[in-house]
Amino acid sequence: MGAMSGPPLLSDACGRRGPALPSGVVNPRAGRHAWVCPRAVLAVAAALAAGGCAWDTPMSTVIARSDLNRSIVSLYAIITWATLVIGLLVFTILAIVLARFRARPGDATLPRQIRGHTALEISWTIAPALVLLIIAIPTIQVIFRSQTAAAPKNALEVTVRGWQWWWEFRYPTLDVVTANELHLPVGRPVLFSLEGPDVIHSFWVPQLGGKRDVVPGRLNRIALTPEQPGEYWGQCAEFCGASHANMQLRVVVEPPDAFDLWVAAQKAPPAEPAGDAAAGKDVFARNACVGCHTIRGISAGVLGPDLTHFGGRALFGAGLWPTSVDNVAAWVKDPPALKPGSKMPNLHLSDADVRAVATYLVGLK
Ligand code: CUA
């Protein structure tokens with residue numbers, strides 16, 4: 001400032017400064033603040049627009065596609081309305097108080113000084129407690145209803161196991177095992193049993209229901225009924241290590257007959273490979289792959305996803321890449337390079353072996 005003379009530069013709420021006025025000229029706006037700047041208005045408008053556009057997205061929790069999520073959205077509604085009424089009440093009282101008891105010109109008297117007001121203090125302690133109680137009762141009801149082991153008789157049972165960093169889905173009554181891609185029939189209740197073999201994960205498919213932790217040594221449950229066919233996205237929602245963000249899943253909710261077809265395909269033996277794929281089967285069978293992965297009839301590993309029908313899944317790597325020979329080859333070549341912390345090591349296979357095994361796996365529809 002040392003080199004400048006005259007009145008100080010004006011700056012608005014965005015911190016921008018106007019041109020210096022010639023010395024001696026009185027600035028008519030001096031002392032006033034610019035409360036609104038176009039940049040701030042634009043930022044707020046953009047945030048609102050983004051919020052509006054983000055309403056119906058795969059990870060939106062306010063788009064209910066199951067009975068559980070409808071219950072959760074109605075809890076949101078209770079909280080939103082309660083907050084709105086309280087907000088209106090508080091701001092109305094504040095406005096009245098500000099208008100009625102403001103300092104008036106020339107009035108130098110000190111307002112009446114109050115030290116403590118028992119009735120007021122008791123009431124503003126009890127009122128929030130009541131509000132919390134009103135919110136807590138339906139919330140606890142939804143938690144207990146969705147956590148129940150007493151699911152309806154015809155409920156489909158699915159065991160969900162969270163692994164670093166992928167999802168295993170077992171259908172104990174159907175004798176089907178898959179990974180990262182869960183199929184469910186529309187309109188039929190599902191009882192998920194959540195188990196964890198390593199660290200705490202959290203199973204979360206926003207449009208189907210709330211997140212629930214998958215805790216080692218503890219059995220958690222979710223009971224829900226998917227109500228609309230479609231493809232739903234899920235994501236591990238509890239920090240579980242280097243590739244926590246790379247732990248996604250897909251849920252395919254389909255009509256019962258399509259689901260039955262899928263189950264039949266899962267129960268079928270793996271496709272018999274030919275040509276390049278047959279060479280890939282040999283590569284798989286004589287390398288460390290068999291220690292971790294199951295391909296029925298070839299291996300019985302349990303530390304990695306069951307690959308018996310790997311090629312039938314649209315995505316692999318826990319929802320990270322479309323299943324194609326090129327993508328799978330890149331993965332097999334060096335898994336930790338593509339997924340930080342991957343438990344699947346680089347087996348240092350030759351390029352030809354990598355290509356063959358990828359061709360074989362993608363052919364396992
Ligand atoms: Cu699994 Cu985060």
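Trainee: Before we start, what does contact mean here?

Mentor: Happy to set that out. This is a predicted model, and two residues count as being in contact when they have heavy atoms within 4.5 Å.

Trainee: Thanks! Which residues of helix H3 does helix H2 meet?

Mentor: Start on the H2 side, where the residues are Leu 68, Ser 71, Ile 72, Leu 75, Ile 78, Ile 79 and Ile 86. Across from them, H3 supplies Val 131, Ile 135, Pro 138, Thr 139, Val 142, Arg 145 and Ser 146.

Trainee: How many residues of that contact are nonpolar, polar and charged?

Mentor: Arg 145 of H3 is one of the residues taking part, and Arg counts as charged. The whole contact of H2 with H3 divides into 1 charged, 3 polar and 10 nonpolar.

Trainee: Is H2 roughly parallel or roughly antiparallel to H3?

Mentor: Look at the packing of H2 (residues 67-100) on H3 (residues 118-147): the axes lie 10 Å apart, at an angle of about 175°. Angles over 145 degrees count as roughly antiparallel. Therefore H2 is, relative to H3, roughly antiparallel.

Trainee: Now the sheet: which strands are at its edges?

Mentor: The sheet is open, with mixed pairing and the order E4-E10-E9. An edge strand pairs on one side only, and that describes E4 (181-185) and E9 (230-235).

Trainee: And which residue is the bridge partner of Leu 184 in E10?

Mentor: E4 runs parallel to E10 (residues 248-254), and 5 bridges join the pair. For Leu 184, the partner in E10 is Val 253.

Trainee: Finally, which helix packs on the sheet?

Mentor: We want a helix touching both E4 and E10, with a direction at about 135° to that of E4. Residues 256-267 form that helix, H4.

Methods. Residues numbered from 1 in each chain as written. Predicted model: local features only at pLDDT ≥ 70, side-chain atom pairs only at ≥ 80, totals over all residues. Heavy atoms only, no water. Pairing = 2+ DSSP bridges. Helix = DSSP H or I, 4+ residues; strand = E, 2+ residues; numbered from the N terminus. Axes fitted to C-alpha atoms, helices over the stretch in contact; angles between N-to-C directions. Parallel < 35°, antiparallel > 145°, perpendicular 65-115°, else oblique.
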